[in-house]
Amino acid sequence: MLKCFYIFKDKSSSRRRGESAPELSNESRRNGNSEGNRATRSTGSVSSPRSIPEMYREREQNLRVFTLSELKEATRNFNRLLKIGEGGFGSVYKGSIQPPNGKGDPIVVAVKKLNTLGLQGHRQWIAEVQFLGVLEHPNLVKLLGYCATDGERGIQRLLVYEYMQNRSLEDHLFNKAVPVVSWKTRLKIILGAAQGMAYLHEGLEVQVIYRDFKSSNVLLDENFNARLSDFGLAREGPAGDRSHVSTAPVGTLGYAAPEYVETGHLSVKSDVWSFGVVLYEILTGRRTLERSRPVIEQKLLDWVKQFPADSRRFSMIIDSRLRNDFSLIAAKRIAKLADSCLNKNAKERPKMSEAVEILTQAVQESQETTSIEATGAGASRPTQLPLPKQLRKKTIAETARPMSPLAQASLLKYGLYKLLKIS
Ligand SMILES: Nc1ncnc2c1ncn2[C@@H]1O[C@H](COP(=O)(O)OP(=O)(O)OP(=O)(O)O)[C@@H](O)[C@H]1O
Ligand SMILES: [Mg+2]
């Protein structure tokens, strides 16, 4: 297994000493996947599309390589007050860097500093750099550069992104301290997210499976455009006419497709399932799992089944924070789309391009039936949001000590416990 791990080496003379560029071992390159032999992928022919690592090598010079001291300066030594979030793999800080040529205004950035870098964290960091080094779409977050130092004080891996002023969809749906997003803005966000995912699935020479679609990974720019983030779990889809790749289940409980959790069979249709979950989050303003509710309402996907889109009861599930300011026709269309995304049979789920079409229709219907709020940031919404109280999210693989039952329960409460198995 070790031979499949990523190796780091100085690739170009232009790179500063002591830093290393993300690189894959030859074995992983041949396999054409970012997880070495943890996953199987059919071998391609001579004319098969280039793999992400191959594409990355052509574009790696587009990413800036930062020194640790540059990023310390950018974040005032990772000042607690500049911390904007914490995920399973590290903390995110707001910072400011100098433009590449040193001229012009400083650039506001988000710096993600990975925690103790276990094997899983290491793989994810590489995948993030390689995928985001290659992928380019208005609905994907932009990675500006990275920092990799293996100094006396240990291994440091950091990522530098464009700063997203309006944080994440999760914050807007569930954090009561953050202004509620209007119906039209919700639709704009989910349509953008669908377009981003359609690009991953259908718009590249290789198919990219995102594998971690959830509301906290849908970041929002100053105009509430959706930007998908976190490509650490992304991987290339199957080659040829195979329907799936086989891999150890990785992702977030509550969002992962059942066949993937049960069999490890991963396909773009696993992402479509997760998309269906987020559609219901948008409609209801509820998390996938809310232990504080009556038993019958705790699991979002079970609860909504009692309110089918065609029934008169349907409108009862719509987020009360919308204060009835939504289009019922559009909401029903979206619920039906969500149901088809959540089909137990993966093959029956729609393609993301089909989801884009349906959501475009829903946007038009909403334009016709509601008129109160403008799409995008509402006039009364502050441009800079207060920092929401962050949930501490850890992953099984990255937790140094086993998590206490209490901690597990609290994470499960929000359906955020990560499935991370290393085979
Ligand atoms: N580029 C960015 N601009 C602004 N805020 C960001 C940016 N990237 C991340 N954040 C903030 O940091 C938070 C934590 O992000 P992170 O990706 O580390 O964890 P997560 O998505 O919440 O969980 P997980 O680790 O399970 O994916 C996000 O929810 C978001 O609020
Ligand atoms: Mg994230």
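In the predicted model, strands β5 (residues 90-97) and β6 (residues 107-114) run antiparallel and are joined by eight bridges. Within this pairing, valine 92 is placed opposite lysine 112 of β6, and serine 91 has lysine 113 of β6 as its bridge partner. Strand β6 also pairs in the antiparallel sense with strand β8 (residues 154-162), over five bridges. Lysine 112 stands opposite leucine 159 of β8. In general, the strands of a sheet pair through backbone hydrogen bonds, in either a parallel or an antiparallel sense.

These strands belong to an open sheet of six strands with mixed pairing, ordered β3-β7-β8-β6-β5-β4. Helix α4 (residues 119-134) lies across β6, β7 (143-151) and β8, and runs at about 145° to β7.

Strand β4 (residues 83-86) contains isoleucine 84. Isoleucine 84 counts as partly exposed because it has 19 C-beta neighbours inside 10 Å, whereas 20 or more would be required for a buried residue. The C-alpha atom of isoleucine 84 is separated by 8.7 Å from that of arginine 167, with the two residues 83 apart along the chain.

Lysine 113, which lies in strand β6, carries the feature "binding site" in an unreviewed UniProt entry. The residue is partly exposed, with 19 other C-beta atoms within 10 Å. When residues up to four places away in sequence are not counted, lysine 113 touches Phe78, Gly90, Ser91, Tyr93 and Leu158.

For methionine 197, the contacts beyond its neighbours within four places in sequence are Tyr210, Phe213, Leu228, Asp271, Phe275 and Met352.

Technical notes:
Residues numbered from 1 in each chain as written. Chains lettered and ligands numbered in written order. Predicted model: local features only at pLDDT ≥ 70, side-chain atom pairs only at ≥ 80, totals over all residues. Contact = placed C-beta atoms within 7 Å. Pairing = 2+ DSSP bridges. Helix = DSSP H or I, 4+ residues; strand = E, 2+ residues; numbered from the N terminus. UniProt positions renumbered as here; feature names shortened; annotations may be inferred. Buried ≥ 20, exposed ≤ 12 C-beta atoms within 10 Å, placed from the backbone. Axes fitted to C-alpha atoms, helices over the stretch in contact; angles between N-to-C directions.
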